[in-house]
Amino acid sequence: MPTKVIVDCTTGISTEVELTAEEIADAEASAQKFAALRAKEEAEAQAKAEAKASALVKLQELGLTEDEAKALIG
Amino acid sequence: MALTYETIQTYIATSSVSDITFSSIPATYTDLIIKGSARCSVTNSNYGYWVLTLNSTSADYQFTRVIGYVNGIDSNGDTTNPMYVGSNTEFTGWTSNTFSNVELYILDYAGANPKPINFDGIIENNSQSSEKAFQEINNARWNNTAAITSIKIAPGTGSFVTNTRITLYGILKTP
């Protein structure tokens, strides 16, 4: 059974307590939520990188050097 | 400049634990600092957040963050309840026996205003192939006027492994 720790800052006593079924269910729900958030972040970062690469190519096709194109799109 | 920088409590995991809560935090300091050296038991870095819950309250959190990856940087912001403050826990499968380095600074934690929180953390993973976050700076806020008396820290899922160490410090700025 997973355990949590409670550190009482007044007494200095640390207590290990087994998680209840409800706490385990909450933790699992939380994990799914955060995994979804992270997946969304990574997808957005990937889309941004791909758009930047595409813009770089198009700017070079217009006659800019790679350095000039990079200076424009950051 | 802090006049005092006192250890309130330190917890060092002697076995895996799902989360660590500092309770009954005295209101006698100006600010709080949490320093952590952590590793968690999961293999997927999508779960490696530090999830922060203040006063057992799952509401009123917001953050903006800047993340440094191997091949670039990214930034975003969100409101999540409870708040995750950085993907800065070492994972199973990453470099053995490495632990992340994390610091949280909570301003005016005992006051009657919303609580600004600074977070920064670094993961050590000795590989150039990973795209996962290596460092993160996070400016957050808990929009709640209650004095903070308890702080719960958990990884996104799984457990903190043995030898994870978290220390709560009290900062006193005035005599």
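Reader: Take contacts in chain B between residues at least 6 apart in sequence. What percentage of them join residues at least 24 apart?

Author: Two residues are in contact if their C-beta atoms, placed from the backbone, lie within 7 Å. Count those contacts in chain B between residues at least 6 apart in sequence. The part that joins residues at least 24 apart is 80%.

Reader: What kind of model is this?

Author: Residues are numbered from 1 along each chain as its sequence is written, while chains are lettered from A and ligands numbered from 1 in the order in which they are written. Local features need pLDDT of at least 70, side-chain atom pairs count only at pLDDT 80 or more, and totals for chains, interfaces and linings use all residues, for this is a predicted model.

Reader: How many strands does chain B have?

Author: Helices (H or I, at least four residues) and strands (E, at least two) are DSSP runs, numbered from the N terminus. Chain B has zero helices. From the N terminus on, its elements run β-β-β-β-β-β-β-β-β-β-β-β. The number of strands is twelve.

Reader: What percentage of chain B is buried?

Author: A residue is buried if 20 or more other C-beta atoms lie within 10 Å of its own, exposed if 12 or fewer, and partly exposed in between; C-beta atoms are placed from the backbone. Chain B has 175 residues. Its buried percentage is 42%.

Reader: Which strands are the edges of the open sheet of eight strands in chain B?

Author: Two strands pair if DSSP finds at least two bridges between them. The order in chain B is 1-12-3-8-9-10-5-6, with antiparallel pairing. An edge strand pairs on one side only. The edges are strand 1 (4-12) and strand 6 (72-78) of chain B.

Reader: By what angle are neighbouring strands of this sheet turned against each other on average?

Author: Axes are lines fitted to C-alpha atoms, for helices over the stretch in contact, and angles run from 0 to 180 degrees between N-to-C directions. For this sheet, direction is ignored. The average turn is 15°.

Reader: Which residue of strand 10 of chain B stands opposite Gln62(B)?

Author: Strand 5 (residues 61-69) and strand 10 of chain B run antiparallel, joined by eight bridges. Strand 9 (residues 115-122) of chain B is also joined to strand 10 (residues 135-142) by eight bridges, again antiparallel. Pro116(B) has Arg141(B) as its bridge partner in strand 10. The residue opposite Gln62(B) is Arg141(B) as well.

Reader: How many residues of strand 6 of chain B are buried?

Author: Seven bridges join strand 6 to strand 5 of chain B, and the two run antiparallel. Ile67(B) stands opposite Asp74(B) there, and Arg65(B) has Asn76(B) as its bridge partner. Strand 6 is hardly covered, and the buried count among its seven residues is zero.

Reader: Which element of chain A gives the most to the side that touches chain B?

Author: In all, 22 residues of chain A are in contact with 25 residues of chain B. Two elements of chain A give two or more residues to that side: strand 1 (3-8) and helix 1 (21-61). With ten residues, the one that gives the most is helix 1.

Reader: How do helix 1 and helix 2 of chain A lie to each other?

Author: The axes of helix 1 and helix 2 (residues 66-73) of chain A come within 9 Å and cross at roughly 135°. Angles under 35 degrees count as roughly parallel, over 145 as roughly antiparallel, 65 to 115 as roughly perpendicular and the rest as oblique. Helix 1 and helix 2 of chain A are therefore oblique.
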